[in-house]
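Biologist: I would like to learn how to read a metal site and some charged pairs. Where do we start?

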Amino acid sequence: MNDDKFKLSEVLQAFIFTCKDIVYELKNLRKTNENIKSKEINLATSGIVNCPKCGAPFEDNLSKCSYCGYVSIERDKMLERLRAAERGVDSQIKQEQNQLKKLLMIPLFIAIPLLVGLCCFVLIELIGFILLTCGPLIM
Ligand SMILES: [Zn+2]
């Protein structure tokens, strides 16, 4: 009996640690995502800010001048690299979230049958008790 309890606590600990790891990883990924976004803002404020052809300022996240239509290849490459990094982090975040969801489903699947079983047991015991104590009185 003690052995079983020990194993259960070990399993529970491992489960909690895995959940914590995933949550930690998610936090890191969100931070990385924010860093990428701030880099994007930095790119818009430094580097290639104005159109080399007409001098008008580029709009955020755009490599094409909205006034004369000039496309800055350098700016385009930088933005594309940032977008690719962002996409990578986004898909990683989704993966981690799915993993966490699956993990959290496990105790639910274990707890529900256990609870139903316990309810049935209690109900049967109660009926048995009532029959035993009140049965002779009714009959
Ligand atoms: Zn321009």
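Modeller: With a cut-off: buried means under 20% relative accessible area, exposed over 50%, and partly exposed in between. Keep in mind that this is a predicted model.

Biologist: Which protein donors hold the zinc ion?

Modeller: They are Cys51, Cys54, Cys65 and Cys68, each through SG, lying 2.3 Å from the zinc ion. Along the chain their spacing reads C-x2-C-x10-C-x2-C.

Biologist: What is the geometry of the zinc site?

Modeller: Ideal angles for four tetrahedral donors are 109.5 degrees. Here the angles among the four donor atoms are 106 to 113°, and the site is tetrahedral. Cys51 and Cys68 both lie in the loop between α1 (2–45) and α2 (73–138), so the pair ties together parts 17 residues apart in sequence.

Biologist: Is Cys51 buried or exposed?

Modeller: Cys51 has a relative accessible area of 3%, so it is buried, being under 20%. Cys68, at 33%, is partly exposed.

Biologist: Now the charged pairs. How many salt bridges does the structure hold?

Modeller: A side-chain nitrogen of Lys or Arg must come within 4 Å of a carboxyl oxygen of Asp or Glu. The structure holds three such salt bridges. In one of them, Glu86 pairs with Lys37, with the closest N and O atoms 3.8 Å apart. Glu86 lies in helix α2 and Lys37 in helix α1, so this pair ties together parts 49 residues apart in sequence. Glu86 is buried at 14%; Lys37 is partly exposed at 43%.

Key
Residues numbered from 1 in each chain as written. Predicted model: local features only at pLDDT ≥ 70, side-chain atom pairs only at ≥ 80, totals over all residues. Heavy atoms only, no water. Donors = N, O, S within 2.8 Å, 3.2 Å for Na, K, Ca; no water. Tetrahedral: all angles 85-135°; square planar, octahedral: opposite > 155°, others 65-115°. Helix = DSSP H or I, 4+ residues; strand = E, 2+ residues; numbered from the N terminus. Buried < 20%, exposed > 50% of the residue type's maximum accessible area, 1.4 Å probe, protein only.
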